[in-house]
Amino acid sequence: NPIDAVEGIKTTTYPNPFIQTIHFQFSKPVDDSISILVFDVLGRLVYEQNKKAVNEILSVDLSGLPRSEYLIRLNTANLNYYTKIIKQ
């Protein structure tokens, strides 16, 4: 059941605020490629990538983005995670 899988994966975001790279640690392995979408405060898509987590950790280098607050969405068939991140 995909709903159970979504609810069963806890995600920890660190460090937040971050300077260059932000990490997402999952409580369970995520085998699928993860769609990473980053939106600015006006809702514009400013970064997009597909990447696999390594040892339950997904690391995203956002050094090219200016200092600001962003909304990030991580998405797979079994995961749909949103959170606010702050770049220093």
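Start by selecting Ile-85, which sits in strand β7 (strands are DSSP E runs of at least two residues, numbered from the N terminus). Before going on, a word on what is loaded: this is a predicted model, where local features need pLDDT of at least 70 and side-chain atom pairs count only at pLDDT 80 or more, while totals for chains, interfaces and linings use all residues. Residues are numbered from 1 along each chain as its sequence is written, and side-chain values use heavy atoms, with hydrogens and water left out.

**Stop 1: around Ile-85**

Is Ile-85 buried or exposed? Ile-85 is buried, at a relative accessible area of 0% (buried means under 20%, exposed over 50%, partly exposed in between, with a 1.4 Å probe and protein chains only). Now show its contacts, meaning heavy atoms within 4.5 Å. Leaving aside residues up to four places away in sequence, Ile-85 touches Thr-13, Asn-16, Phe-18, Ile-22, Leu-62, Ser-68, Glu-69, Tyr-70 and Ile-72.

**Stop 2**

**Stop 3: the four-stranded sheet**

Switch to cartoon and colour by strand. Four strands make an open sheet in the order β4-β3-β6-β7, with antiparallel pairing (two strands pair if DSSP finds at least two bridges between them). β4 and β7 are the edges; each has a single partner strand, so one side of each is left without a neighbour in the sheet. From one strand to the next the twist averages 20°, using axes fitted as lines to C-alpha atoms and angles from 0 to 180 degrees between N-to-C directions.

Zoom in on β6 (residues 68-76) and β7: 9 bridges join these antiparallel strands.

Next, select β3 (residues 34-39) with β4, an antiparallel pair with 6 bridges. Here Phe-39 stands opposite Leu-45 of β4. The β3 and β4 hairpin has 5 residues between the strands, and there Gly-43 takes a positive phi near 85°.

**Stop 4: the three-stranded sheet**

Which strands make up the open sheet of 3? The order is β1-β2-β5, and the pairing is antiparallel. Its edge strands are β1 (11-14) and β5 (57-61), each pairing on one side only. The twist averages 20° from one strand to the next. Between β2 (residues 21-26) and β5, which run antiparallel, look for 5 bridges. His-23 is placed opposite Ser-59 in β5.

**Stop 5**

Most residues other than glycine have a negative phi, and most peptide bonds are trans. Now select the loop between β1 and β2, which holds Pro-15 and Pro-17. The Tyr-14 to Pro-15 peptide bond is cis, with omega near -20°. Asn-16 and Pro-17 are also joined by a cis peptide bond, with omega about 15°.

Move to the loop between β4 (45-51) and β5, where you'll find Asn-55 and Glu-56. Asn-55 has a positive phi near 55°, and Glu-56 has one near 65°. Asn-55 is exposed, with a relative accessible area of 64%, whereas Glu-56 is partly exposed at 29%.

**Last stop: the core**

Finish with the largest nonpolar core, which has 20 residues. Membership takes buried Ala, Val, Leu, Ile, Met, Phe, Trp, Tyr and Cys residues joined through side-chain atoms within 4.5 Å. Select Phe-24, Phe-26, Ile-34, Ile-36, Leu-58, Leu-62 and Leu-74 to see those with the most contacts inside this core. The elements giving two or more residues to this core are β2, β3, β5, β6 and β7.

Then centre on Phe-26. Not counting residues up to four places away in sequence, Phe-26 touches Ile-9, Lys-10, Thr-11, Ile-34, Ala-53, Glu-56, Leu-58, Leu-74 and Leu-79.
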